[in-house]
Amino acid sequence: PGVVAGARLDHLAFATHIEGGYTFAHADYKPRLAVGLDYASGDGDPNDREHNTFVNLFPTNHKFYGAMDFLSWQNVLDPYFKVTITPAKGVSVAATYNAFWLATTSDFFYQVSQAPRAAGGYGIHPQYGSFAGQEVDLVATYTPANLLKLQAGFGHYFTGDYVNQTFAGLGGAHDANWAYVQAQLRF
């Protein structure tokens, strides 16, 4: 927010994305290993005259912070590891592991839409642990022709301390599964 209770706030926030990887081009299946880190600042003091939560102006979260689209690039620390193989021409399989922490528990846990999670027990909980969870994704892509691309994916989200503590009084938290199949026609 740029204004709270009629008072204008200064906005000072930042984010970073760092990734390094290597493709073993001469090995069978051409494996690629990559490690990375995404960080976006959160607001450590919601009562001061500054807004420190990073605001991603043009979000494309799906391919960066877990395929399940559970969170956005706001108030988050996300180290990840990715392995991709190409077992045949036009076929690739990728496995990704993400671990998520809130940059600060004095700010919200943000949805992929960039809206703060504020209902159902969510809110600002500075007394909770900052570990939000882990996600493992497996995505297989097949391109049989230049104009057709088929893809299937599966993801599993393991809840962390923050989510577990949020839902402790509401019957507990549960891990989540997600699967999809899609076809893309290019012309």
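1. Strands S7 and S8 pair in the antiparallel sense over nine bridges, where helices (H or I, at least four residues) and strands (E, at least two) are DSSP runs numbered from the N terminus, and two strands pair if DSSP finds at least two bridges between them. This is a predicted model, in which local features need pLDDT of at least 70 and side-chain atom pairs count only at pLDDT 80 or more, while totals for chains, interfaces and linings use all residues. Residues are numbered from 1 along each chain as its sequence is written, and side-chain values use heavy atoms, with hydrogens and water left out.

2. For the chain as a whole, the secondary structure comes to one helix and eleven strands, and along the sequence these follow the pattern β-β-β-β-β-β-β-β-β-β-α-β. The C-alpha trace spans about 60 × 40 × 30 Å along its principal axes. Of the 187 residues of the protein chain, 35% count as buried, a class that means under 20% relative accessible area, with exposed meaning over 50% and partly exposed lying in between (1.4 Å probe, protein chains only).

3. Among contacts between residues at least 6 apart in sequence, 63% join residues at least 24 apart, a contact being defined as heavy atoms within 4.5 Å.

4. Within S10, Gln 151 is the bridge partner of Thr 141.

5. Which residue in S9 does Val 93 stand opposite? The residue is Ala 140, and Val 93 itself has its place in strand S8. Because its relative accessibility is 25%, Val 93 counts as partly exposed. Leaving aside neighbours within four places in sequence, Val 93 is in contact with Val 83, Thr 84, Ile 85, Leu 138, Val 139 and Ala 140. The C-alpha atoms of Val 93 and Thr 141 are separated by 6.4 Å, although the two residues are 48 residues apart along the chain.

6. Thr 96 also has its place in strand S8, which covers residues 91–102, and its relative accessibility of 16% is why Thr 96 counts as buried. Not counting residues up to four places away in sequence, Thr 96 touches Phe 81, Lys 82, Glu 135, Val 136 and Asp 137.

7. The largest pocket holds about 640 Å³ of space. Of the 25 residues that line this pocket, the closest to its centre are Lys 63, Lys 82, Ala 94, Thr 96 and Val 139. On a 1 Å grid over the protein atoms alone, a pocket is an open set of points where a 1.4 Å probe fits, with protein on both sides within 12 Å along at least five of seven lines, and lining residues have an atom within 4 Å of a point. Grid points are joined across faces, edges and corners, and a volume is the space filled by probe spheres set on the points.

8. Which strand gives the largest share of the lining of the largest pocket? That share, four residues, comes from S8. At least two lining residues each are supplied by S4 (15–23), S5 (32–40), S7, S8, S9 (131–145), S10 (148–159) and S11 (176–185). By class, the lining has seven nonpolar, eleven polar and seven charged residues, where Ala, Val, Leu, Ile, Met, Phe, Trp, Tyr, Cys and Pro count as nonpolar, Asp, Glu, Lys and Arg as charged, and the others, Gly among them, as polar.

9. Two loop residues deserve a separate look. Most residues other than glycine have a negative phi. Asp 69, however, has a positive phi of about 55° although it is not a glycine, and Asp 69 is found in the loop between strand S6 (50–51) and strand S7 (76–88). Asn 75 lies in the loop between S6 and S7 and has a positive phi of about 50°. Because its relative accessibility is 29%, Asp 69 counts as partly exposed, whereas Asn 75, at 0%, counts as buried.
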